[in-house]
2 protein chains.
Amino acid sequence: MSQTLAIDGRPLGRRAQETRRRLLDATYELVQTNGIRDVRVVEVARRVGSSPATFYQYFRDVDEAVLVLADEAADEIAPIAALLDEPWNGKGGLETARALVDAYFRFWDDHRAVMRVRNLAADEGDRRFRDVRNRALGQVTDRMARNVAENQRAGRVPPEITPYSAAAAMVSMLERMASYHFDLEPRGVTRADLVETTARILHHTVTGRKT
Amino acid sequence: MSQTLAIDGRPLGRRAQETRRRLLDATYELVQTNGIRDVRVVEVARRVGSSPATFYQYFRDVDEAVLVLADEAADEIAPIAALLDEPWNGKGGLETARALVDAYFRFWDDHRAVMRVRNLAADEGDRRFRDVRNRALGQVTDRMARNVAENQRAGRVPPEITPYSAAAAMVSMLERMASYHFDLEPRGVTRADLVETTARILHHTVTGRKT
DNA sequence: CAGATAATCTGACGCCTCGTGAGGTATCAG
DNA sequence: CTGATACCTCACGAGGCGTCAGATTATCTG
């Protein structure tokens with residue numbers, strides 16, 4: 001993000017920055033409402049009152065615009081991951097776990113459409129999306145693994161558990177629940193239930209402590 | 001699946017059945033290699049040596065073909081879900097958990113490309129894909145919830161946990177790990193580690209027992 | 001097995017989006 | 001106000017979409 005460039009390599013002036021921003025926002029809206037597979041460059045352009053050719057000045061294709069959005073979203077993970085630096089063992093440990101889950105859910109609520117595309121593209125093998133995902137998830141996974149390892153050394157977590165695997169499993173659970181919760185809620189589970197239960201599973205898996 | 005029909009409602013004869021099957025298989029291959037967003041009906045047709053018009057006799061669009069594949073895959077879940085009917089509390093409980101995780105991973109290894117599309121489409125709100133997903137995941141989730149509830153009644157699982165939420169969280173973990181494991185393995189975690197760790201988290205969350 | 005009938009397939013077409021390059025319009029410095 | 005630069009668009013060839021009328025292939029009947 002140090003210096004955004006147009007597709008031909010020139011740096012962007014004020015007007016161009018604004019156009020690019022509006023294109024990004026319009027892309028987000030369309031991905032959200034139509035789903036990634038029904039986003040037409042023509043429509044993104046129309047929505048910001050410009051032409052398709054303009055879009056291609058800033059992005060090679062729709063994916064690249066979404067990649068930028070995913071990259072921006074990744075920046076918001078830091079404060080969430082920081083919740084794993086607080087002590088999970090003591091009194092407020094469970095409360096911190098709750099805060100983590102809640103923050104993660106909110107993060108997804110804000111970026112759902114983009115996160116879905118990021119995950120699909122990453123899963124389908126797209127390198128750029130994998131890298132963005134790793135940059136985001138790595139912050140959480142690494143800290144979780146470290147915490148598990150500590151508690152394992154203290155004998156609270158069984159030795160058969162691999163800290164990194166456990167961290168990956170917990171992040172998987174978090175991500176999917178965050179992505180999924182609003183599909184569950186109509187079926188009689190409240191968001192509060194989901195947060196509480198998820199937090200407890202995390203808390204136990206990290207600390208090995210009974211709750 | 002009782003009686004498959006063409007798009008115009010006529011039932012299918014032998015030749016048509018075969019054509020449809022080959023179209024489905026070709027669709028699968030292309031989704032797998034190109035990703036869903038780069039599947040061209042033209043190419044599916046070419047691959048089975050027929051014309052695009054033929055494809056449209058059996059499926060309204062590529063999605064519909066993938067939906068059929070997802071539906072077929074859902075049928076393979078039953079024996080996996082059945083592992084949750086075995087006792088998880090006794091001696092072999094942990095081993096059953098391992099078997100479940102392993103089976104789930106293998107299921108995804110076989111159907112990864114289709115499962116990804118199913119989940120994307122379901123998340124994006126497509127009703128048909130949601131229903132297929134619920135049919136598949138429901139089998140697992142319901143049984144898990146029942147098991148958690150039992151162990152909760154026996155006092156081993158804390159009362160603050162909602163059985164259905166816990167089941168959803170576990171299924172989320174399972175699904176995502178199954179989808180994800182081959183992205184983790186190059187980073188120094190073995191599949192065996194992933195299975196073992198995931199199984200232990202599941203086992204504890206279901207039974208509340210120390211492992 | 002011929003001829004009729006039904007089932008299945010395809011050629012060909014109009015429509016739409018893609019992505020590009022040449023040229024037009026806004027903006028800014030002096 | 002004028003030129004220079006930054007930004008944008010027009011217009012177009014290429015290619016996939018989805019349809020329908022008609023050709024081709026299978027099946028049935030006597």
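In chain B, the buried residues of helix 4 pack against helix 1 (14-34), helix 2 (41-47), helix 6 (93-123) and helix 7 (127-153). The structure is a predicted model, in which local features need pLDDT of at least 70, side-chain atom pairs count only at pLDDT 80 or more, and totals for chains, interfaces and linings use all residues. Residues are numbered from 1 along each chain as its sequence is written, while chains are lettered from A and ligands numbered from 1 in the order in which they are written.

Helices are DSSP runs of H or I with at least four residues, strands are runs of E with at least two, and both are numbered from the N terminus. A residue is buried if 20 or more other C-beta atoms lie within 10 Å of its own, exposed if 12 or fewer, and partly exposed in between, with C-beta atoms placed from the backbone. The buried residues of helix 4 of chain B are B:Val62, B:Ala65, B:Val66, B:Leu67, B:Val68, B:Leu69, B:Ala70 and B:Ala74. This helix covers residues 62-74. Its 13 residues should span 18 Å at 1.5 Å a residue, and its end C-alpha atoms are 19 Å apart, which agrees. The expected span is 1.5 Å times one less than the number of residues.

Chain A has nine helices and zero strands. Its C-alpha trace spans about 60 × 40 × 30 Å along the principal axes. Of its 211 residues, 46% count as buried. Two residues are in contact if their C-beta atoms, placed from the backbone, lie within 7 Å. Among contacts in chain A with a separation of 6 or more, 62% come from residues 24 or more positions apart.

Two helix pairs of chain A were examined. Axes are lines fitted to C-alpha atoms, for helices over the stretch in contact, and angles run from 0 to 180 degrees between N-to-C directions. Helix 1 (residues 14-34) and helix 6 of chain A have axes that come within 8 Å and cross at roughly 80°. Helix 1 of chain A is therefore roughly perpendicular to helix 6 of chain A. Angles of 65 to 115 degrees count as roughly perpendicular, under 35 as roughly parallel, over 145 as roughly antiparallel and the rest as oblique. Helix 1 of chain A contributes A:Tyr28, A:Val31 and A:Gln32 to the contact, and helix 6 of chain A contributes A:Ala113, A:Val114 and A:Val117. This contact has five nonpolar, one polar and no charged residues. Ala, Val, Leu, Ile, Met, Phe, Trp, Tyr, Cys and Pro count as nonpolar, Asp, Glu, Lys and Arg as charged, and the others, Gly among them, as polar.

The axes of helix 4 (residues 62-74) and helix 7 of chain A come within 9 Å and cross at roughly 10°. These two helices of chain A are therefore roughly parallel to each other. A:Leu67, A:Ala70, A:Asp71 and A:Ala74 of helix 4 meet A:Arg128, A:Phe129, A:Val132, A:Arg135 and A:Ala136 of helix 7. Six nonpolar, no polar and three charged residues form this contact.

A:Val62 also lies in helix 4 of chain A. It counts as buried because 20 C-beta neighbours lie inside 10 Å. Beyond four places in sequence, A:Val62 is in contact with A:Thr27, A:Val39 and A:Val41. A:Arg156 sits in the loop between helix 7 (127-153) and helix 8 of chain A. A:Arg156 is partly exposed, with 16 other C-beta atoms within 10 Å. The C-alpha atoms of A:Arg156 and A:Gly208 are separated by 5.0 Å, although the residues are 52 apart along the chain.

Between the chains, 33 residues of chain A are in contact with 33 residues of chain B. On the chain A side, helix 6 (93-123), helix 8 (163-184) and helix 9 (191-207) give two or more residues each. Helix 8 of chain A gives the most, with 13 residues. This side of chain A divides into 14 nonpolar, nine polar and 10 charged residues.

A residue is near a strand if its C-beta atom, placed from the backbone, lies within 6 Å of it. Of the 20 residues around DNA strand C, B:Gly13, B:Ala16, B:Thr19, B:Ser50 and B:Ala53 come nearest. Helix 3 of chain B gives the most to this surface, with four residues. Of the 20 residues around DNA strand D, A:Gly13, A:Ala16, A:Thr19, A:Ser50 and A:Ala53 come nearest. The surface near DNA strand D has eight nonpolar, six polar and six charged residues.
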